Amino acid sequence: MSISFVRIDDRVIHGQLITRWAKELPCDGIIAIDDAVAADPLLSSVMKGAVQDTKVWLFDTATAIEKLPKIIASEKHYFVIGKSPVTLKRIEEAGISLQNSNKKINVGPMSARATTTTIGPNQSVNPEEIAAFDYLSLRGHQIEFRLVPDASSYSWQDARQKLK
Amino acid sequence: MINVILATHGSLAEALLAGSKMVYGELPHVFPVMLTENKGINSFGDEFTAVLKQAAKGADGVLVLCDLQSGTPWNIACHHAFDPQTQPPMAVLGGVNFPMLLLSDEIKDLTDVAQAAAVLLEESRDSLVQAQLAETTQSDDF
């Protein structure tokens, strides 16, 4: 299994945060997945430029689904970062397992938006994202909301209580 | 463990902490203290002493991050740090920026404050960067 870390982060690639996680878990490269960012070559290039020592790939969801089997089969260790749980849901629906050696899906910042409910520090979810987390949870993923390795955390089950 | 005092002019310390809350969440090891125009230097000194007392509780060392070398926060921090009576040991860094504050989260579990200061200074140097574009072609070599 070559995915060493799966994260949801609405900034996609946040230089300092990725560096922080890469100190805790093996990281030979980063696979970032988001349709809007991948469609914007300038933003893609800026984001890749923010991580200097590690190789970064930026894919839209369809390309990620095509490339992930090869990435998972690799001997190297990759971080997979999606901007939204909806992206990760689509990937699993396409038959690709995001099970990883960190044994969970980590969730970082998800900003407040018009239809979101706040469930933690800088973590807000809308109905579509709630459904996606429920789906990922049913697929057997442990979902952990934790901004940085040492920070306090809570699970999707904990968050679910607040949403009732 | 190492506790951190964030000592600045104006409301910079509070503003940096508000920003860090968006990225790293709470930083309970950081104690802000600010020199403001209406409070003046003397009352800042008293406040610093009080904050230091709090930060020293249960800590192996206290690291002060100042915004400016030779400013009042710096001078007062140094006054405590180089007093041989001060316990636990202290160290002072100048030129704090947002990444340095965030990176302080990584040295808080050390016990030697001199080592913590050296590590944090080294890591923070890399945070001053010019934006650059990365090449856009992506290889299939995983």
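**Close-up views of a predicted two-chain model**

View 1. Two residues separate the strands of the hairpin, and A:N122 adopts a positive phi near 55°.

**View 2. The seven-stranded sheet of chain A.** Seven strands of chain A make up an open sheet with mixed pairing, and their order is 3-2-4-1-5-8-9. Strand 1 (residues 3–8) and strand 5 (residues 105–107) of chain A run parallel and share three bridges. A:R7 faces A:N106 of strand 5 across this pairing.

**View 3. The fold of chain A as a whole.** Chain A contains seven helices and nine strands. Its radius of gyration is 15 Å, close to the 15 Å that the globule rule gives for 164 residues, so chain A is as compact as a globular protein of that length. Taken along the principal axes, the C-alpha atoms of chain A occupy a box of roughly 40 × 30 × 30 Å. Buried residues make up 41% of the 164 residues of chain A. Of the contacts in chain A with a separation of 6 or more, 69% are between residues 24 or more positions apart.

**View 4. The side of chain A that touches chain B.** In the contact between the chains, 19 residues of chain A meet 15 residues of chain B. On the side of chain A, helix 1 (15–22), helix 3 (41–49) and helix 4 (61–73) are the elements that give two or more residues. Helix 3 of chain A supplies the largest share, six residues. Sorted by class, this side of chain A consists of nine nonpolar, six polar and four charged residues.

**View 5. The fold of chain B as a whole.** Chain B has five helices and four strands. Along the sequence, these elements follow the pattern β-α-β-α-β-α-β-α-α. The C-alpha trace of chain B spans about 60 × 35 × 25 Å along its principal axes. Of the 142 residues in chain B, 37% are buried. Among contacts in chain B that join residues at least 6 apart in sequence, 70% are between residues at least 24 apart.

**View 6. The parallel sheet of chain B.** The four strands of chain B form an open sheet in the order 2-1-3-4, with parallel pairing. Strand 2 (30–35) and strand 4 (90–93) of chain B each have a single partner strand, so one side of each is left without a neighbour in the sheet. On average, neighbouring strands of this sheet are turned by 20° against each other, direction ignored. Strand 1 (residues 2–9) and strand 3 (residues 61–66) of chain B run parallel and are joined by six bridges. In this pair, B:I5 has B:V64 of strand 3 as its bridge partner.

**View 7. Helices packed on the sheet of chain B.** Helix 1 (residues 12–23) of chain B packs on the sheet and touches strand 1 and strand 2, its direction making about 145° with that of strand 2. Helix 2 (residues 40–56) of chain B lies across strand 1, strand 2 and strand 3, and runs at about 175° to strand 2. Helix 3 (residues 72–81) of chain B has B:P73, B:W74, B:I76 and B:A77 as its buried residues. These buried residues pack against strand 1, strand 2, helix 2, strand 3 and strand 4 of chain B.

**View 8. The largest nonpolar core and the surroundings of B:I5.** The largest nonpolar core comprises 86 residues. Within this core, the residues with the most contacts are A:I30, A:I31, B:I5, B:L6 and B:L63. With residues up to four places away in sequence left out, B:I5 touches B:F31, B:V33, B:V51, B:L52, B:A55, B:V62 and B:V64. One of these, B:V64, is also the bridge partner of B:I5 in strand 3 of chain B.

Conventions
Residues numbered from 1 in each chain as written. Chains lettered and ligands numbered in written order. Predicted model: local features only at pLDDT ≥ 70, side-chain atom pairs only at ≥ 80, totals over all residues. Pairing = 2+ DSSP bridges. Axes fitted to C-alpha atoms, helices over the stretch in contact; angles between N-to-C directions. Contact = placed C-beta atoms within 7 Å. Nonpolar A, V, L, I, M, F, W, Y, C, P; charged D, E, K, R; others polar. Rg over C-alpha atoms; globule rule 2.2 N^0.38 Å. Buried ≥ 20, exposed ≤ 12 C-beta atoms within 10 Å, placed from the backbone. Core = buried A, V, L, I, M, F, W, Y, C linked by C-beta atoms within 7 Å.
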